[in-house]
Every structure is written in C-alpha cells, then in structure tokens.
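Trainee: Hello! I am new to this structure and would like to learn how to read it. Could you take me through it feature by feature?

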Amino acid sequence: MDMRVNTATREIVVPLNKLRPSTRNVRKSGGTSIQQLARSIDRVSLLQNLIVTDPGDGGYFDVEAGQRRLKALQLLVKRKKLAQDHDVRCLLVPDASARTVSLTENIQREAMHPADEFEAFKALVDEGRPIEDIAADFGVTPLTVQRRLKLANVSPKLLADYRKERVTMEQLMALAVTDDHKAQETAFYDVPEWQRDPQQLREHLTVEDVDAARDAVARFVGIEDYQRAGGVSRRDLFADAGHGVYLSDRSLLDKLAVDRLANIATDVELEGWGWIEAVPRTMSSDIYAFQRVQPKRRKPTDKESRQIAKIEKRVERIQTILQGGECDESEVSALQEEWDRLDGEREAITQSLSVYSEKAKAHAGVVVTIDGQGKPSVHRGLVREADVKQAKAEDGNGEDKNKEKKAKTDTSVSDKLARQLSTHRTAALQAEMARQPAMALVAVVHKLALQTLYGERRAGSVLQVTCTPPERLERFAPDLPGSAAVAAVTEAKQAWQAKLPAEVDGLFAAVRELSQDDLLSLLAVCAACCVEAVTADESDDRASTLAVALGLDMGQWWTPTAAGYFEQVSKGRIIEAIKDFSPDDAHQLDVMKKGELAATAERLVAGKNWLPLMLRQAA
C-alpha cells in the first residue's frame with residue numbers, strides 16, 4: 001500500500017490580513033530577532049514564500065511554515081510600513097501534508113557556515129556597497145557588519161582551520177585584533193595548544209601596545225588628544241563597550257602626559273620646594289623609597305570642619321545604601337562615582353591642613369604623577385637619599401623622621417575608618433602589654449611621672465592610669481569581637497579573675513600576698529585594659545612610642561578584609577593598595593565594580609602582611 005502523502009503544491013498570493021498561525025507548525029520555540037527580520041524584509045522584500053493550507057474558513061489561510069516571517073510582516077503593518085491587506089506570496093500545500101511540510105522545512109535546511117557569511121559580507125563591500133546599506137539590508141547594526149569584515153580578514157590558513165573546527169570563533173575574534181596575517185599565525189601556531197586561550201592570544205598580539213581602558217596614563221591623556229597628536233591606535237571590535245582600544249606609541253603618550261603634568265608642577269613650584277619632578281608612571285614602591293619631612297597639622301576652620309562633617313555623613317549614607325543591596329547597576333555606579341568624588345574633596349581638605357616649614361621645603365621636593373584612576377597626584381615633602389642628613393640637621397627633627405622610613409602617601413581615610421583601625425591597634429596594644437609585665441611597669445611609671453612631675457595629663461601617653469577601662473571599643477569597630485587581640489586580653493583577665501577573691505573585701509590581702517613576678521603580671525593585665533588609643537586623626541602618633549617599645553606588629557593582630565577595610569575606602573584607594581602588595585594584578589582590576597574589587601583585594605592581600613599606613617606607622 002502506497003503511504004506517500006500527496007504533496008501537490010501551487011503558488012498563490014494571499015492578503016496579509018488573511019494569514020494566521022497554524023497550530024500544526026512543528027516549531028514551538030525560537031522566533032527571535034523578529035525586528036531584525038522585519039528590517040530586512042522592509043529593505044529587500046520577502047524572499048521566501050510562506051507555506052500555507054486552506055482550511056476553508058472564510059478565506060483565511062493557516063501558515064504551516066514561516067511564522068517568523070509572518071510576525072515580521074505584521075510588525076511592518078504595525079509600523080505602517082505595509083498595508084494590512086498587503087499581498088504575500090505563499091505556497092499552498094494539501095492539508096494532509098501540512099505537518100510533514102512544516103517539519104521538512106525546519107530540519108532539512110542547513111545553516112550557512114559563519115566563515116561563508118564573513119566572506120559574503122566582504123564580497124558585498126568589495127562590490128562597492130556601503131557598510132550602512134549592507135547593515136540595513138540584513139537588519140543588523142553597522143558594527144555587526146564591521147565585525148564580519150574583520151573576521152573575513154583573518155589569515156586564510158586560520159579561516160580554513162576554523163572551517164575544520166580546529167580554531168574556535170572566540171580564538172578567531174581574539175586574533176582579529178590585528179590585520180597582520182603573519183602575526184596572527186605566529187600567535188596561534190607557535191605556542192602550545194594550552195596557551196591558545198582567547199585572552200592569551202589577544203595579549204600576545206597587543207603586548208607592545210597600551211590598553212587605553214586599563215592604562216592610567218592613557219585615561220589621563222585621553223584617546224582623542226593622543227590621536228590628535230598623531231598617535232596610532234587600533235580597536236578590538238569584539239571588546240565590550242568602552243574597551244578594546246590599543247595605543248601603539250607609548251613614548252608619545254608619556255610625552256603628552258609629562259606636558260600636562262608640567263602645568264601642574266608649575267603651580268606647585270610657587271610653594272617654594274627644593275625640587276619638583278613630573279613623572280607619569282610610578283609605583284607605590286617608588287614613592288616609598290623616599291623619606292619624608294612631616295608637616296605640621298593646622299586646625300581646620302569652622303567652614304572646613306562643616307565640609308568634612310557633611311562629606312563624612314554622606315559617605316556613611318552611601319555605604320549604608322550600597323550594603324542594602326537594593327540598587328540597580330546604574331544606581332550603584334552613580335553612588336560609587338559620588339563616593340570617589342567626595343573622597344577626593346575630603347582628601348583635598350585634609351591636604352590643605354598640612355603646613356610645611358620653609359626650611360623643610362628648601363631641602364625636600366615634590367613628585368607630580370598619575371594615580372591608578374588616571375588622575376593627577378601630587379606627593380609633597382619627599383626627601384632624596386642624598387638630602388637625608390641635611391634634612392635632619394636643618395629641621396632638628398631626625399628622631400621623628402626615623403619613624404617614617406617609608407613615605408606617607410598624600411591620602412587620608414575617613415574619621416570613621418580611622419577610629420576603626422585605631423581601635424584594632426588599641427586592642428593589639430592591650431594584648432601585647434598584658435604579656436609584657438616589665439614594659440607595663442615602665443608605661444605606668446611613665447604616665448605617673450608625666451602627671452606628677454611634668455603636669456601633663458594627656459600628652460605623651462595613651463595610658464589611662466586611673467585604671468578606668470575605656471568605653472567598649474566595639475562601637476568604633478564592629479568587627480572587633482572575635483579578634484585575636486580581644487581574645488588574648490579576655491583570656492588573661494579571666495585567668496586572674498579565677499585566681500583572685502570573688503569579693504572585693506578580700507582583694508587587698510590577696511594582692512599583698514602575691515610574689516613580685518605575679519604582682520607584675522597582674523599589673524600588666526590591668527594596665528593593658530587602660531590603654532586607649534582610639535582616634536579619628538590618621539596622623540595622631542601618640543601610640544607610636546608605646547607600640548615601638550612593645551614591638552607591636554599589627555600584621556599579627558589584624559588582617560585587611562573587604563568589610564573591615566577595602567569596602568570603606570574608594571576604588572582609587574583600593575587600587576593604590578593593590579599596587580603596593582600585588583603590583584602585577586593592579587592593571588587588571590580598575591574596570592571592576594567596587595564590591596568585586598574589594599573582594600578581589602581581600603583575596604590578593606592574603607598572606608602578604610600588608611597594612612594601611614595608619615597601622616604601619618605603629619608597627
């Protein structure tokens with residue numbers, strides 16, 4: 001018995017408003033890019049008939065295959081590009097063949113190989129067709145056409161291997177960053193297979209170039225100014241928006257940066273420094289190599305105090321909003337930009353409070369450079385190695401300078417973060433003093449001598465000899481509970497509480513019976529609990545003398561985390577820190593969002609024993 005379906009067909013013309021989707025169409029998903037298809041039909045008309053059946057229902061026809069085309073035509077009607085009764089060429093098939101024909105159209109066609117598509121686009125351009133017209137014909141953007149042309153221009157050898165599935169599309173896109181076929185082939189074929197990751201291929205081909213999105217100097221100069229000066233550049237058409245521009249003339253880029261920095265240096269020169277250098281590219285270690293003359297800190301004016309308080313309040317509000325996690329991506333970006341701007345304003349005010357003596361400026365100098373965000377950065381008060389002895393002699397302040405073997409960068413942290421960091425330092429000082437009875441005795445005697453022999457109630461010591469423990473430190477540092485320092489002090493206190501009488505009445509007699517060593521040990525624990533070095537002033541160094549005497553190493557007591565430090569400073573500050581403890585990774589991180597960057601910094605700093613400047617001073 002012959003089971004073949006009658007497939008007799010004929011071509012007809014049907015008004016668009018008499019066409020409707022069939023329930024028998026085998027394609028139940030897909031149907032994307034309707035707008036793109038509509039644009040193409042509008043430009044070059046409908047090239048493929050719809051396949052329909054006649055259900056005998058008042059002149060309506062069911063579309064068995066071609067529903068994307070039907071939706072695109074209906075979209076053109078909605079946009080008033082076509083009339084509702086526009087004539088549509090259709091292929092009428094018998095009702096019994098409907099499902100078979102629908103299935104056949106969908107499974108028997110073979111998609112065009114992407115390489116054929118690239119070459120077809122190139123052939124159209126070679127015929128003289130404008131890119132914009134080609135894009136309009138196919139309902140795509142001009143960028144899409146440019147990308148196809150870029151891929152068509154890849155080495156024929158690589159395209160042949162792409163057809164054989166020996167090269168992936170992602171690898172082809174990476175290699176298209178250059179038009180040099182030899183360079184493309186060398187980058188791909190001259191390395192082991194495991195080094196052909198698209199990012200590795202792209203980096204291999206751009207190793208001599210400057211990535212304009214990641215390079216701080218490039219951001220400072222700007223792509224347009226670089227190009228106006230005659231700089232050669234190339235664009236990776238497959239990169240995300242805002243990325244993929246590579247600058248080939250590094251020397252020109254740096255010269256343009258130096259010229260701009262020179263204008264800033266001219267203004268700074270009026271301050272009377274001994275020397276000024278404009279250097280576009282510096283590492284944190286370069287600045288740390290200098291010693292520094294320390295400025296005097298003047299008291300802020302009422303106006304400056306109000307400005308700082310206003311900034312602090314807004315920054316805390318921004319932190320609260322970001323931690324709430326209810327903002328969309330654009331709102332987060334706007335808040336982070338505002339935070340960076342406020343941080344810069346606060347830093348500018350803080351810097352203005354530093355006043356250098358004329359003698360200090362005479363033998364110290366300034367480096368004008370570019371920070372990790374592509375903004376100018378001015379480092380004042382730097383002393384070169386040859387001038388160190390002269391600086392000590394003229395300032396009469398050699399002892400203070402020895403405390404600053406490493407340069408202090410022209411940055412400041414918020415009052416809130418300064419209190420938090422100094423709270424952790426206080427806890428660490430307490431822990432160290434509790435286990436060093438001899439030094440505790442020295443600290444107590446020193447404090448008593450200050451009060452009785454020198455009339456000093458506050459200066460020179462952070463010890464409260466009244467033995468009234470300071471207010472609970474947790475209010476300044478929410479992350480303090482559970483820290484190693486708090487645990488050490490708590491353990492020492494509990495050990496003595498177990499040894500001493502439960503009632504106060506018997507305490508004097510019990511203490512009187514203690515040996516000299518035990519008495520000193522008890523003194524150490526009690527004195528430790530009286531240490532209070534919390535401050536909102538990053539430059540407050542009252543704790544330094546005691547820290548040095550105790551041999552305090554904050555790296556043993558505190559570790560920077562995202563929540564405890566990095567999330568509380570600006571992106572620029574995080575990147576500057578990463579440059580210090582992981583310089584090889586710094587250039588790859590400036591495009592990250594704030595939260596991701598803070599988490600990455602926490603991961604990178606692990607095991608590096610890195611400390612922010614405020615805690616480093618006490619080390």
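Mentor: Gladly! Let us begin with pairing: two strands pair if DSSP finds at least two bridges between them. Keep in mind that this is a predicted model. Here, strand 2 (residues 19-21) and strand 4 pair in the parallel sense over three bridges. One of the places to look is Pro 21, whose bridge partner in strand 4 is Val 63.

Trainee: In which sense do strand 3 and strand 4 pair, parallel or antiparallel?

Mentor: Strand 3 (residues 50-57) pairs with strand 4 in the antiparallel sense, over four bridges. Find Ile 51 and you will see Ala 65 of strand 4 opposite. The two strands form a hairpin with two residues between them, and there Gly 58 takes a positive phi near 65°.

Trainee: Is strand 4 largely enclosed or left open by the rest of the structure?

Mentor: To judge that, count a residue as buried when its relative accessible area is under 20%. Five of the six residues of strand 4 (residues 60-65) are buried, so strand 4 is largely enclosed by the rest of the structure. Over the protein chain, buried residues make up 43% of the 619 residues.

Trainee: How many helices and strands does the protein chain have?

Mentor: There are 29 helices and 14 strands in the protein chain. Contacts give another view: among those with a separation of 6 or more, 75% join residues 24 or more positions apart.

Trainee: Which residues have the most contacts inside the largest nonpolar core?

Mentor: Think of such a core as buried nonpolar residues joined through their side chains. The largest one here has 56 residues, and those with the most contacts inside it are Leu 429, Met 433, Tyr 565, Phe 566, Ile 574 and Phe 581. Several helices give two or more residues to this core, including helix 21 (437-453), helix 22 (484-499) and helix 26 (571-581). Helix 20 gives the largest share, nine residues. A second, separate core of 27 residues includes Ala 212, Tyr 226, Val 245 and Leu 253.

Trainee: What is Tyr 565 in contact with, leaving aside its neighbours within four places in sequence?

Mentor: Tyr 565 is in contact with Leu 417, Leu 421, Trp 558, Pro 560, Arg 573, Trp 610 and Pro 612. Ala 528 counts as buried because its relative accessibility is 0%. Beyond its neighbours within four places in sequence, Ala 528 is in contact with Gln 430, Met 433 and Ala 434.

Trainee: How many cavities of 30 Å³ or more does a search of the whole structure find?

Mentor: The general idea is that rolling a probe the size of a water molecule over the atoms shows where empty space is left. The search finds one cavity of 30 Å³ or more, and the largest cavity has a volume of about 30 Å³. Its lining is made by Glu 312, Val 315, Glu 316, Gln 319, Ser 414, Lys 416 and Gln 568. Helix 15 (residues 302-324) provides the largest share of that lining, four residues. By type, the lining has one nonpolar, three polar and three charged residues.

Trainee: Where is Lys 80 found?

Mentor: Lys 80 is in the loop between helix 2 (67-78) and strand 5 (87-92). Its phi is near 60°, a positive value in a residue other than glycine. Lys 80 counts as exposed because its relative accessibility is 75%. For practice, turn to Glu 165, in the loop between helix 7 (156-163) and helix 8 (169-175). Phi of Glu 165 is also positive, near 65°, and Glu 165 is exposed, with a relative accessible area of 74%.

How values were computed: Residues numbered from 1 in each chain as written. Predicted model: local features only at pLDDT ≥ 70, side-chain atom pairs only at ≥ 80, totals over all residues. Heavy atoms only, no water. Core = buried A, V, L, I, M, F, W, Y, C linked by side-chain atoms within 4.5 Å. Buried < 20%, exposed > 50% of the residue type's maximum accessible area, 1.4 Å probe, protein only. Contact = heavy atoms within 4.5 Å. 1 Å grid on protein atoms, 1.4 Å probe; cavity = no way out; pocket = protein on both sides within 12 Å on 5 of 7 lines; lining within 4 Å. Points joined across faces, edges and corners; volume = space filled by probe spheres on them. Nonpolar A, V, L, I, M, F, W, Y, C, P; charged D, E, K, R; others polar.
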